[in-house]
Structure formats: structure tokens, C-alpha cells
Amino acid sequence: MNQPTAPAMIRDAAQRYKAGVMPYKQMGYWEPEYVPNDTDVIALFRITPQEGVEPEEAAAAVAGESSTATWTVVWTDRLTACEAYRAKAYRVDPVPGTGAGTSVPAQYFAYIAYDLDLFEEGSIANLTASIIGNVFGFKAVKALRLEDMRIPVAYLKTFQGPPTGIVVERERLDKFGRPLLGATVKPKLGLSGKNYGRVVYEALKGGLDFVKDDENINSQAFMHWRDRFLFVMEAVNRAAADTGEVKGHYLNVTAATMEDLYERAEFAKELGSVIVMIDLVIGYTAIQSMAKWARRNNMILHLHRAGHSTYTRQKTHGVSFRVISKWMRMAGVDHIHAGTVVGKLEGDPNVIAGIYDTLREAHTPANLQHGLFFDQPWAGLRKVMPVASGGIHVGQMHQLITYLGEDVVLQFGGGTIGHPMGIQAGATANRVALEAMIQARNEGRDIWNEGPEILHQAAKACAPLKAALDTWKDISFNYESTDTVDYVATPTPA
Amino acid sequence: MRMTQGTFSFLPDLTDKQVRAQVEYALDRGWAVSVEHTADPHPRNVYWEMWGQPMFDLRDAAGVVQEIKACKAAFPAHFVKVNAFDSTRGWETIRLSFIVQRPAQEPAFALERQEAEGRTIRYTIGRAV
């Protein structure tokens with residue numbers, strides 16, 4: 001980088017701790033020669049500096065504000081091992097496609113390392129209070145986005161992680177070798193408990209594994225939570241008896257207070273539900289509390305990511321969903337909505353691949369094309385089952401399995417309940433299409449190209465599938481993604 | 001009723017050729033195939049009877065198909081399923097499990113309800129009589 005640079009870190013202590021304001025670089029938050037320890041937490045920020053602020057100084061400022069610094073020099077630093085506690089910005093790279101010669105203001109990827117002792121064990125709240133605390137409102141940067149993090153094994157080991165995980169969930173449900181199938185009850189607001197349970201029963205009997213409360217179904221005037229839980233469990237048990245299969249419904253226990261959450265979760269447990277659900281908006285601490293409750297009580301914990309798009313979607317400011325996925329695997333959820341690629345909600349294929357790998361793999365290697373900047377070993381934390389939901393339908397089955405694999409819950413809400421022959425038929429259509437596609441894949445067929453033909457053949461023996469394909473055959477959501485990866489492929493030497 | 005446990009229960013019963021193709025898929029991934037049977041397909045009955053041990057050392061689909069046939073012949077009135085076990089670290093579980101034989105007359109289940117306080121109902125899934 002050929003930009004004017006402010007003088008580097010001041011090593012002379014008397015000079016360094018003279019009262020007044022000095023650039024963050026001089027205070028010691030920029031250390032290009034620093035080599036991160038294996039136990040460091042590393043954060044990768046996308047920084048858009050204010051006009052006239054050079055990138056290293058902006059990176060140093062972010063390091064400072066997310067660790068020990070304040071706006072002016074304080075002598076009390078000298079009462080601490082401040083060199084160790086300072087976060088260190090150690091690398092700044094220009095973001096491809098920004099800055100000189102483009103129409104986009106210059107952006108930089110800044111690597112910042114934090115000493116392990118800066119963070120309380122097992123606390124997402126503490127980790128995030130530093131990393132995404134004051135710093136996101138900091139005037140020296142126009143915009144700031146947390147793109148990725150490397151969580152050291154030493155810190156991961158202080159987290160419980162998913163209470164159940166993919167492997168144990170499948171063993172409890174006795175369902176292997178295919179994606180699980182779900183649907184969200186619609187309309188999401190207004191149904192009475194009895195009518196709501198009807199939708200659950202029909203969908204489960206027709207072939208779904210799970211039905212789901214929506215994020216904003218809690219305990220409203222039209223349906224209080226106890227009534228919903230009782231009718232839903234009648235539906236779940238009836239469907240299990242009718243099919244000989246384990247069935248479930250995500251009972252949303254989201255509520256105003258932690259006491260209410262526990263009360264609802266306890267009741268779900270008492271009724272024999274295999275799973276409960278929470279919304280991301282309850283906050284990191286409440287999520288961790290529910291994760292511990294779920295582990296203690298043998299319950300699967302489903303997380304609906306309500307609210308995330310307010311800060312994950314725009315590329316220049318906020319927190320990427322990759323990072324949210326890492327935090328949620330640490331906090332300990334078993335299911336998380338993670339994108340569909342093909343549905344109605346945001347989802348670039350590369351970004352989604354990075355998120356799914358983060359949730360499901362035992363070790364996620366760095367992969368810039370997928371937005372993963374660091375090798376991330378998962379230290380035995382269980383695998384989170386991603387959930388694909390939002391505007392997907394049976395005609396996309398081959399694309400969904402190709403993009404998302406088989407360890408995923410595919411949720412066809414409208415695609416089940418809106419079926420012209422009824423809810424049971426809608427569920428059956430989805431299940432037949434799913435099993436036919438898995439069978440074909442396992443037989444070695446090229447489902448990406450032969451998918452439509454495989455569905456057509458399966459529909460010959462299944463009228464509901466034929467009706468579903470006829471109804472939704474032309475529906476797709478082809479909009480440009482907002483959150484994409486900025487990455488230039490560099491040729492590797494042969 | 002048609003019991004719908006297993007990966008392919010919503011499809012027409014698999015032919016021998018189709019079963020063999022799935023076995024080959026499992027063996028290609030290094031998974032160990034096993035065969036289990038039961039007269040009690042209750043959804044919470046996780047321990048079906050084992051037809052011998054998982055075939056850890058059998059890498060030939062024809063051999064596996066022989067064992068499936070033998071189990072079906074020995075228990076013509078039972079459900080028979082084929083499991084594929086993955087011993088890879090982090091999985092160490094079944095990765096594929098599908099029904100290959102059903103009794104001519106499948107048992108039905110009934111739901112028993114015991115009313116408890118606060119409108120709560122305790123459910124038991126039992127065999128229909």
C-alpha cells in the first residue's frame with residue numbers, strides 16, 4: 001500500500017503515556033509484525049474508513065475501541081499488562097472491487113487478534129460486547145462489518161454447544177439418509193388452537209417429520225400458548241400413531257421474560273414434545289440459558305433467526321451470518337434457519353455454502369470463495385442442523401439437495417398447506433419427491449440435470465406430486481443477492 | 001396402515017435391483033451394512049433384532065444381498081430393514097436405513113389417552129386390537 005502512514009507505535013513509555021490524544025497506531029493497536037497465537041480470537045472486519053483516514057489507522061482504531069482503548073491516553077493503562085490486553089490489528093488488505101477506479105468507496109479487510117484472557121469463558125454476551133460493542137458506532141469509520149472470526153479451540157472448549165446435534169437428533173427421531181421435512185403453519189397469525197392443531201395433524205400424517213410455529217406465534221389474544229401446546233400435541237401423537245413414525249412440532253416458547261420461557265418449555269416437556277423453539281430476538285444470554293435447559297431435558301432446540309437481516313444482509317455494515325452461525329453453534333442450538341439459495345429470501349450460493357459448512361463440519365477449512373477467512377476446528381462441538389425455509393417448493397427438490405445436501409430440514413410451508421388437494425396431499429407430494437430424489441442420487445444419477453425428469457416419473461405413481469408440480473412449476477425467485485463474497489480468484493502455481 | 005419409517009417408505013416397495021443399488025451406494029462410502037428384523041414396528045422400538053453383526057468386512061454387494069434374502073426368508077412375517085453404518089469420527093451412526101420387507105398385514109397403532117390435570121393428556125401409542 002502506497003499511502004502516507006502515520007508514525008508507528010511509540011515504544012518509549014514516557015512519550016507513550018503523556019496525557020492527550022494520539023493516533024491509535026501510535027498507541028500500539030497496529031502491529032504488522034504480530035503473529036497470532038493459537039489461543040487468540042481473531043476477527044476479520046470490513047472497514048470503510050472516513051475520508052482522509054488511512055486504512056492502518058482505521059484498523060488500529062477498531063482494534064482499540066473493541067479492546068482496551070478510549071479516545072485519549074490514560075495513565076492507568078500502566079497498572080495493567082496493557083500490551084497483552086490490547087487487540088492487535090496486524091494485516092489490512094484492500095477489498096477487491098472497491099476504491100480507486102471503482103464507483104465504491106475504498107474498503108479494507110482488517111485482521112485483528114485478541115488475547116484469550118480478554119473473554120469470559122462460555123459467554124457469547126461477553127465476547128460480543130467487545131467485538132461488536134461500541135466500535136460499530138465509532139466515528140472514524142463510515143461503516144464496519146464483522147465478516148468472519150477464528151475462535152480458538154481453547155475458547156470453544158468453554159462452550160457447551162448444541163444440546164443434541166445432528167447425529168443424536170437423527171438417532172432420537174430414527175430418521176436417516178434424507179433431509180427432514182417440515183412446514184410452518186399458515187396463516188401465521190389468527191388461527192385458534194383447535195384450527196391450528198388441525199394443520200399440524202394433516203401435515204404430519206401426510207408425511208412431514210416436523211411442523212413449526214412461526215417466529216411471531218407466542219401467546220396472543222386469538223391463541224394462548226397453553227391452548228396451542230395442548231392441541232398441537234394431540235395432533236403430533238395422533239400422527240405418530242397413524243404412521244408409526246416419530247413426529248414433532250417446534251413449540252415456540254419465546255416470551256417476554258426468562259421465567260415465562262422456562263414455564264413454557266417445561267410444559268412442552270411435560271406434554272412429551274421432542275423439540276422446542278426460540279427466536280434469535282430473545283438475545284444471546286437467553287439462548288445460552290435455553291441451550292443448557294435443552295441439554296438437561298433431552299430436548300432438541302430450534303432457533304428461528306428472526307431479526308438477523310437487519311444486520312446481516314448489507315455488505316458494508318453489520319455482522320455476517322457466517323459469524324452469527326459460529327456464535328449460535330457455540331451458544332448451543334440444534335436447528336438454525338440458514339438459507340435456501342433458491343427460495344424467496346436472501347442467499348448467494350457461495351455465502352450459503354460457507355454458512356452450512358460452519359454449522360455442520362467438524363473442521364471448516366479457510367475458503368475465501370465461501371467467505372471463510374480462517375481454518376476453524378470445532379473441538380468436538382456438535383453439528384447444527386441447518387433449516388431451509390422460505391419460498392421453496394417441490395419442483396426445486398433436485399436443486400435443494402444439490403446445494404444443501406441431506407443434513408438439513410427442508411421446510412415447505414406454503415408448498416404444503418397451499419396444495420390444491422389439501423394439506424395431507426401437499427405433505428405427501430413433498431415426501432415422495434424427496435425420497436425419489438435421494439434414491440436417484442444414491443443410484444448415481446445426475447440429479448442436477450435429470451431432476452425434473454425424476455420428479456415427473458415419481459409423479460406417475462403419486463397424484464399429489466403431479467398436482468404440486470403443475471401448480472408451482474414456473475415459480476422461482478431470481479433476484480440478485482445483496483450479500484455476496486468479495487473475492488478475486490488468484491491462479492495457483494501449477 | 002403403511003408404516004412409514006425408513007428412508008424410502010413413501011416410494012413403491014424397492015425391487016431387488018433397487019435394493020442392491022442402495023447397498024452399493026453405502027459400500028462405496030465405506031459404510032458397514034447390517035440387516036435387522038422385527039414383528040414390533042412401534043416408533044419407539046429402536047432395537048430391532050439383529051441378523052448377525054454389521055458386515056464390516058463385506059465389501060461385495062452380492063454378499064450383502066444374500067444376507068438380506070436369507071433374513072427375509074427366515075422371517076417372512078416380519079419387517080426387515082437394511083442399515084448402513086458410518087464409523088467416521090463425528091458421525092459414528094447410521095447414515096441410511098430403509099425397509100426391504102413388510103408383512104402382508106401391517107399392524108396398526110392406537111392412541112390411548114389418560115386425562116390429567118389442567119386439560120393435559122398423557123398419550124400412549126399401543127397396538128390396535
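So, which residues of α13(A) are buried? Let me go through them: Phe321(A), Arg322(A), Val323(A), Ile324(A), Ser325(A), Lys326(A), Trp327(A), Met328(A), Arg329(A), Met330(A) and Ala331(A). Keep in mind, by the way, that what we're looking at is a predicted model.

That's the helix running over residues 321–331 of chain A, and 11 of its 11 residues are buried, so the rest of the structure largely encloses it.

Okay, what does α13(A) pack on? It sits on a sheet, where it touches β4 and β10 of chain A. The helix direction makes about 45° with that of β4(A).

Let me walk you across that sheet. It's an open one with 5 strands, in the order β2-β3-β1-β4-β10 of chain A, and the pairing is mixed. At the edges you've got β2 (88–94) and β10 of chain A, each pairing on one side only. On this sheet we also find helix α3, residues 55–65 of chain A, which touches β1, β2, β3 (108–114) and β4 of chain A. The direction of α3(A) makes about 140° with that of β2(A).

Now stay with β4(A) for a moment, residues 141–150. This strand is mostly covered, with 8 of its 10 residues buried. What sense does its pairing with β1(A) have, parallel or antiparallel? With β1(A), residues 41–49, it's antiparallel, over 8 bridges. If you want to find that on screen, look for Ala43(A) opposite Met149(A), and for Arg46(A) opposite Arg145(A). With β10(A), residues 318–319, β4(A) pairs in the parallel sense, over 2 bridges. There, Arg145(A) turns up again, with Gly318(A) as its bridge partner.

As a reminder, nonpolar side chains in soluble globular proteins tend to be buried together. Here the largest core has 154 residues, and the ones touching the most other members are Ala59(A), Val62(A), Ala89(A), Ala110(A), Ile112(A), Val200(A) and Ala433(A). The largest share of this core comes from α17(A), with 11 residues. Apart from that core lies another one, of 24 residues, including Val82(B), Ile94(B), Ile99(B) and Val100(B).

Let me zoom in on Val62(A). Leaving out residues up to four places away in sequence, Val62(A) touches Phe45(A), Ile47(A), Ala89(A), Ala110(A), Ile112(A), Val135(A), Val141(A) and Leu144(A).

Then there's the meeting of the two chains. How many residues of chain A are in contact with chain B? It's 33, and they contact 30 residues of chain B. On the chain A side, α7 (165–173), α9 (225–243) and α17 (423–442) each supply at least two of the residues. By type, that side divides into 12 nonpolar, 9 polar and 12 charged residues.

Last up, chain B itself. Chain B has 2 helices and 6 strands, and along the sequence the pattern goes α-β-β-α-β-β-β-β. Its C-alpha atoms fill a box of roughly 55 × 35 × 25 Å along the principal axes. Of the 129 residues in chain B, 29% are buried. And if you take the contacts in chain B between residues at least 6 apart in sequence, 51% of them join residues at least 24 apart.

That's my tour; over to you.

Methods. Residues are numbered from 1 along each chain as its sequence is written. Chains are lettered from A and ligands numbered from 1 in the order in which they are written. This is a predicted model: local features need pLDDT of at least 70, side-chain atom pairs count only at pLDDT 80 or more; totals for chains, interfaces and linings use all residues. A residue is buried if 20 or more other C-beta atoms lie within 10 Å of its own, exposed if 12 or fewer, and partly exposed in between; C-beta atoms are placed from the backbone. Helices (H or I, at least four residues) and strands (E, at least two) are DSSP runs, numbered from the N terminus. Two residues are in contact if their C-beta atoms, placed from the backbone, lie within 7 Å. Ala, Val, Leu, Ile, Met, Phe, Trp, Tyr, Cys and Pro count as nonpolar, Asp, Glu, Lys and Arg as charged, and the others, Gly among them, as polar. A nonpolar core is a set of buried Ala, Val, Leu, Ile, Met, Phe, Trp, Tyr and Cys residues joined through C-beta atoms within 7 Å. Two strands pair if DSSP finds at least two bridges between them. Axes are lines fitted to C-alpha atoms, for helices over the stretch in contact, and angles run from 0 to 180 degrees between N-to-C directions.
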